[in-house]
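My plan was to look up a few sites and write down what each one shows.

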Amino acid sequence: MSQNFKYQLVGLATAVSAIVAKVDNDIVVDGAVPGNVRAGRGGMVCNTLAVAAALGARVGGVIATGSDVTGRALREVVTAEGVDAAFVTTTRTPITVTLAAGGTRSSIMGVDGEREQHLDPTDVTTAWQKLGASTVWVLLTLPALDSPAGVSFVELARATGASIAVTLSSAGHVSERAARLGALLTGVDLVFGNADEIAAMGHAGVEPGLVLATYGADGAVVIRRGARTIKVDIPGPLEVVDVTGAGDSFAAGVLSLLNPEHCSDEKISAAILLGHQAAGVVISRLGAQPGVDGAQILREIGRANGL
C-alpha cells in the first residue's frame, strides 16, 4: 500500500442481519428439512471490508447500521472484524435470508430497513470526515453509486485521490439501469461482476475501462474496453460448502493488493490470485463471515503476499 494513504480500502456499506441455511435435500412443501443454519453479519461491501482486514489491509468504512438492538450488535461485530468504521445510524437493520443448496444459492432481500443508498449525503460526508479518509481504493455497489449518498461518497473519494471500484451486485440491478449504465460507470476505475452481471452489462452496450469478471470454478477474466486480455485460473481444487460471499471475498483480495497506478496484466494477475485464495477460504464455510479460524488463515495468506 502507498504510504501516502491512511487506508488501502474504504467502503460505503450496510451491516445487514444475514441468515444462511444450507440444505442437502430437496425442499418439501409444508415439511421440515434438516440443514445447517447460521446467523451473522452480512452485506456485500461489509463482507469485502472484513475479508480485506483479515488479509492485513488497512480498511475503513462508512457503514449504515440500524438503531435497533441488532444494529448495535452489528457495530460491535464490524469493529471486531478490524474495520475502522464511521457508523451512520438508520431506523432499522435490513435482513437477508439465503438458502444454499448444491453449490448454488437464492437470497431473499428484506425490504425493511435502510441501506447505504438511502443515506443522507450530509451524513455520508460527516462520516467520511470522521474517518479522515485518504485511501487507495473506495468500493460501493451499483445501487449505491446510483444514489445521492453514493454520488457524495465518490466525490469525497476523488477529492482525496482515491480510485473508484464498483461491484455490480446483481444482473437485475444492471438491467434496471441499462439506459444510463454508461453514464453511471463513467469515471469508475474498476468494475467487479459475475458472468450474469457481465452479460447484462454487455447487453446494455457498456464497456468500462477495466472489468474483472468471475466465472466460479472457471476462474476470472480481465476485460479492458470490452476485450478479454487474460484469464486467471483458480489455484488447485476448492472445498465448497457455501458460495455466499465468494465474489465479495474475491474483491477483497484484489483491492488489498492492487495499486491502481500499476494495472499491468502481471500485477492484476497477482491480485486476482489473492482474490481466488481469499474466496477459497470463505466458501469452505457456511455464510460470508470467515470466522476466527478462517480469519487466521486469511492473515497467513495476506502475510505471504506482503500485506
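Which residue takes a positive phi in the hairpin of S12 and S13? I found Arg225, with a phi near 50°. I kept in mind that the model is predicted. The hairpin has 2 residues between its strands.

Next I checked the pairing itself. Strand S12 covers residues 220-224 and strand S13 covers residues 227-232. They run antiparallel, and 5 bridges join them.

Then I moved to Glu81. I placed Glu81 in the loop that lies between helix H2 (69-80) and strand S5 (84-90). Is Glu81 buried or exposed? Its relative accessibility is 19%, so Glu81 counts as buried. The cut-off for buried is under 20%.

I wanted the polar partners of the Glu81 side chain. One is the side chain of Arg41, in a polar contact at 2.8 Å. The side chain of Gln289 is another, at 3.2 Å. I also listed what Glu81 touches, leaving out residues up to four places away in sequence. The list reads Arg41, Ala50, Ala53 and Gln289.

My last stop was Glu176. I found Glu176 in helix H6, which spans residues 171-176. Glu176 counts as exposed because its relative accessibility is 59%. I also took a C-alpha separation from Glu176 to Val69. These two residues are 107 residues apart along the chain, and their C-alpha atoms are separated by 34 Å.

Conventions:
Residues are numbered from 1 along each chain as its sequence is written. This is a predicted model: local features need pLDDT of at least 70, side-chain atom pairs count only at pLDDT 80 or more; totals for chains, interfaces and linings use all residues. Side-chain values use heavy atoms; hydrogens and water are left out. Helices (H or I, at least four residues) and strands (E, at least two) are DSSP runs, numbered from the N terminus. Buried means under 20% relative accessible area, exposed over 50%, partly exposed in between (1.4 Å probe, protein chains only). A polar contact is a pair of N or O atoms within 3.5 Å; within protein, one must be able to donate a hydrogen and the other to accept it, and residues adjacent in sequence count only if both atoms are side-chain atoms. Contact means heavy atoms within 4.5 Å. Two strands pair if DSSP finds at least two bridges between them.
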